Amino acid sequence: MAQPIIKLENLNLWYDKGKPSEVWALKNINMEINKGEYVAFFGPSGCGKTTLLYTISGIDQAQEGKIFINGRDISNFSKKELAIYRQVGIGIVFQQFNLIPSLTVLNNVALPMAFLGISQEKRTIEALNLLDRLGIKDFAERYPYELSGGQQQRVGIARALANNPPIIVADEPLGNLDSVNAEKVLEFLKELNEKDGRTIIMVTHEAWSLRDAKKILYMKDGQILKSEESKPRTVAEAVSKHFYKELSPQLSQIEIAAQALSNLLLRGYSAEEIKRFEFFLFQRFSDKIDADTFRRVLDRPYQDGGIGLWKQKAAKIGQYVEEIIAERKTVEDVYKELEKNPESPLADEIEKIRLWLLQEYHGKISELQKIQFNEIISERLRSIISGEQFEKVLSLSKAKFGIGFSFRTAQRMSEKFESIINKNGNQIAIANK
Ligand code: ADP
Ligand code: MG
């Protein structure tokens, strides 16, 4: 096998070494990254992610250990070689963007090229190309403060790409972005990896941003706890692959439901917590464990094999999940009924579902709104309208013949509804029932 593009050997780094304020920020780090890999370091705040990135980038220096870049120890680099490595070997995307406020967007991107003595004309052309690729060419003559966070981050990425480095490191590149911009940045990192073949090293403390990484390194207290390659898409997937081969193909529907619901209910929790929750939710959905067992797992401490939720949250989520299971039963009845009689009005079932969707809504709704609500529930159950259309009607104003809920309320209700119906609309999802 070819030699790794980056190899870290027994790396140890202390801040304020020998002082009372001493911090041992990197502890015996050993790892290799191959050319073209997409690697993510994942861990809580303060675990040493930024320090590690800066060390790899030649910005910070470890007191012990070695860093090999293409097989060469960077502590043996001359000053000039180190400068070249930092200018063309590696591109850094910073969490705080680190743009220079007094320079235009164009000049921010062109600056790293100026250090290499590239002519102004060529710099401008190259920088405009990069800005174009990131969809922000129109902002070339603006200053950073005139741009939104998402646009600034894209300028930061363009700048990191300026000298065409084979390695891109990104420190929490999504930390300051809204979900739309975060999505764009993730897509772009993926493209840089897959289309350009660049090596990507990303650092994050948010589980959801790991989705495109091919290898995940879990960090804690300055150490790499473990490395996970070719991770299964979900724990449920791993479980079903290894243990439930014999079960019906309906299983994949529960996997999808368990995954979606885990991410929804445990938003903001770590990847490990979400995965474990997903595993137990899957067990509960497939009726392998009962409601009590599931509830007990929720507030059992994490180190004892539970999820470690605090009591009230555990109770709330436990109840929510049982309600979903009950409502899924209702939907199951709906499909059975529709099979017998496609024209069935489904009045009772629809009424039940509407009340369930309105459970957390404390406003009043009129008779007309009720009728409309029932109508779209019926249409959604019969797959006449999509989930998006359902949500749209909920949030459209009454003047536009919608139901007139706020955008957030509509979104929550729609998410709730989608969690009990199947995406393909015609089969029940609870297996073994
Ligand atoms: P992360 O990026 O994972 O949040 P950092 O690498 O920033 O973590 O920090 C790792 C540890 O080193 C933390 O305990 C932090 O307080 C400490 N640390 C980081 N930078 C410095 C510094 N310049 N001086 C002293 N301690 C630092
Ligand atoms: Mg950091």
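This is a predicted model: local features need pLDDT of at least 70, side-chain atom pairs count only at pLDDT 80 or more; totals for chains, interfaces and linings use all residues.
Surrounding ligand 1 are Tyr-15, Val-23, Ala-25, Pro-44, Ser-45, Gly-46, Cys-47, Gly-48, Lys-49, Thr-50 and Thr-51, each with a heavy atom within 4 Å. By class, the shell comprises 5 nonpolar, 5 polar and 1 charged residues (Ala, Val, Leu, Ile, Met, Phe, Trp, Tyr, Cys and Pro count as nonpolar, Asp, Glu, Lys and Arg as charged, and the others, Gly among them, as polar).

## Distances to ligand oxygen atoms

A polar backbone atom of Gly-48 lies 3.1 Å from an oxygen atom of ligand 1. For Lys-49, a polar backbone atom is 2.9 Å from an oxygen atom of the ligand, while Thr-50 places a polar side-chain atom 2.7 Å from a ligand oxygen atom.

## Helices 12 and 13

The axes of helix 12 (residues 347-357) and helix 13 (residues 367-381) come within 10 Å and cross at roughly 110°. Helix 12 is therefore roughly perpendicular to helix 13 (angles of 65 to 115 degrees).

## Basis

Local features need pLDDT of at least 70, and side-chain atom pairs count only at pLDDT 80 or more, whereas totals for chains, interfaces and linings use all residues. Residues are numbered from 1 along each chain, chains are lettered from A and ligands numbered from 1 as written, and side-chain values use heavy atoms, without hydrogens and water.

Note on methods: Axes are lines fitted to C-alpha atoms, for helices over the stretch in contact, and angles run from 0 to 180 degrees between N-to-C directions. Helices (H or I, at least four residues) and strands (E, at least two) are DSSP runs, numbered from the N terminus. Angles under 35 degrees count as roughly parallel, over 145 as roughly antiparallel, 65 to 115 as roughly perpendicular and the rest as oblique. A polar contact is a pair of N or O atoms within 3.5 Å; within protein, one must be able to donate a hydrogen and the other to accept it, and residues adjacent in sequence count only if both atoms are side-chain atoms.
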